[in-house]
Amino acid sequence: MSEVLLFHHALGPTEGLHAFADELRAAGHTVHTPDLFEGRTFATIEEGVGYAREVGWDEIMARGERAAAELPNELVYGGFSLGVVPAQKLAQTRAGARGALFFYSCMPVSEFGSWPAGVPVQIHGADADPIFMDEGDVDAARELVEAADDAELFLYPGDQHYFADSSLPSYDAEAAALLTQRVLAFLARVG
């Protein structure tokens with residue numbers, strides 16, 4: 001079984017994030033869901049990103065690093081959208097990573113150096129999501145797939161950014177079920 005450090009998106013730690021973590025736990029995995037926003041949640045992506053800017057991206061990253069420091073090095077790092085940033089940094093820079101799961105976002109590998117050898121990664125996004133498709137994330141994901149030894153990019157039909165968060169109107173049950181199935185297979189393989 002895998003141990004996962006899972007970072008929330010710009011709306012904060014929603015009920016949908018916790019429901020997803022609970023699905024992974026029900027399959028036998030240990031999942032940690034730290035709160036990068038110190039108890040705050042937001043109604044829109046813009047509000048959540050605004051809060052992150054106000055606090056400072058360095059502080060958001062430091063909160064992610066502090067959450068990881070309390071855990072073993074042998075983790076799968078996961079993040080939803082904004083949460084991909086600390087997850088990707090930790091997967092690329094903290095020794096011992098077992099894998100990475102990036103949902104709705106991907107940074108250029110060069111942002112944090114190079115992709116570590118032997119660290120598998122899955123990237124999931126909607127094929128018509130304007131944030132994922134038009135802001136460079138899908139290009140970064142494709143570059144990561146080319147750079148890593150073991151990488152998969154999964155595109156799902158739809159235009160919703162947070163399609164796997166069951167607590168939001170953007171939720172797509174069919175796409176979320178497939179995403180969860182793929183994630184559970186990944187965790188079983190790397191655990």
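Predicted model: local features only at pLDDT ≥ 70, side-chain atom pairs only at ≥ 80, totals over all residues.
Visitor: UniProt positions are given in the numbering used here, feature names are shortened, and annotations may be inferred rather than shown by experiment. Which residues does the "domain: Dienelactone hydrolase" annotation cover?

Guide: According to the UniProt record, an unreviewed entry, that domain covers residues 4-189. Residues are numbered from 1 along each chain as its sequence is written.

Visitor: Okay. How many helices and strands does the protein chain have?

Guide: There are 7 helices and 6 strands. These are DSSP runs numbered from the N terminus: helices are H or I with at least four residues, strands are E with at least two. Along the sequence they come as β-α-β-α-α-β-α-β-β-α-α-β-α.

Visitor: What about the overall size: what radius of gyration does the protein chain have?

Guide: The radius is 15 Å, which agrees with a compact globule, because 191 residues packed that way would have a radius near 16 Å. The radius is taken over C-alpha atoms, and the globule rule is 2.2 Å times the number of residues to the power 0.38. Along the principal axes, the C-alpha atoms fill a box of roughly 35 × 35 × 35 Å.

Visitor: What percentage of the residues count as buried?

Guide: 53% of the 191 residues do. Buried means under 20% relative accessible area, exposed means over 50%, and partly exposed is in between, using a 1.4 Å probe and protein chains only.

Visitor: Let's zoom in. Is histidine 9 buried or exposed?

Guide: Histidine 9 counts as buried because its relative accessibility is 1%. You'll find it in the loop between β1 (3-7) and α1 (15-26). Leaving out residues up to four places away in sequence, histidine 9 touches Thr14, Phe37, Phe80, Ser81, Leu82, Gly83, Tyr162, Asp165 and Leu168. Contact means heavy atoms within 4.5 Å.

Visitor: So what share of contacts joins residues 24 or more positions apart?

Guide: Such pairs account for 62% of the contacts with a separation of 6 or more. Valine 190 has partners like that: setting aside residues up to four places away, it touches Ser2, Val76, Arg98 and Pro120.

Visitor: Where is valine 190?

Guide: Valine 190 is in helix α7 (residues 173-190), and it is buried, with 9% relative accessible area. Its C-alpha is 6.9 Å from that of glycine 99, 91 residues apart in sequence.

Visitor: Which strand holds valine 121?

Guide: That's β5, where valine 121 counts as buried at 0% relative accessibility. Beyond its neighbours within four places, its contacts include Ala100, Phe102, Trp115 and Phe186.

Visitor: And methionine 61, which helix is that in?

Guide: Methionine 61 is in α3 (residues 57-69) and is buried at 11% relative accessible area. Apart from its neighbours within four places, methionine 61 contacts Val85, Pro86, Lys89 and Phe112. C-alpha to C-alpha, methionine 61 and proline 86 are separated by 5.4 Å.

Visitor: Switching to the backbone: what's the phi of glutamate 38?

Guide: Near 50°, a positive value in a residue other than glycine. Glutamate 38 is in the loop between β2 (30-32) and α2 (45-55), and it is exposed, with 52% relative accessible area. Tyrosine 104 isn't a glycine and has a positive phi of about 70°, but tyrosine 104 counts as buried at 1% relative accessibility.

Notes:
Heavy atoms only, no water.
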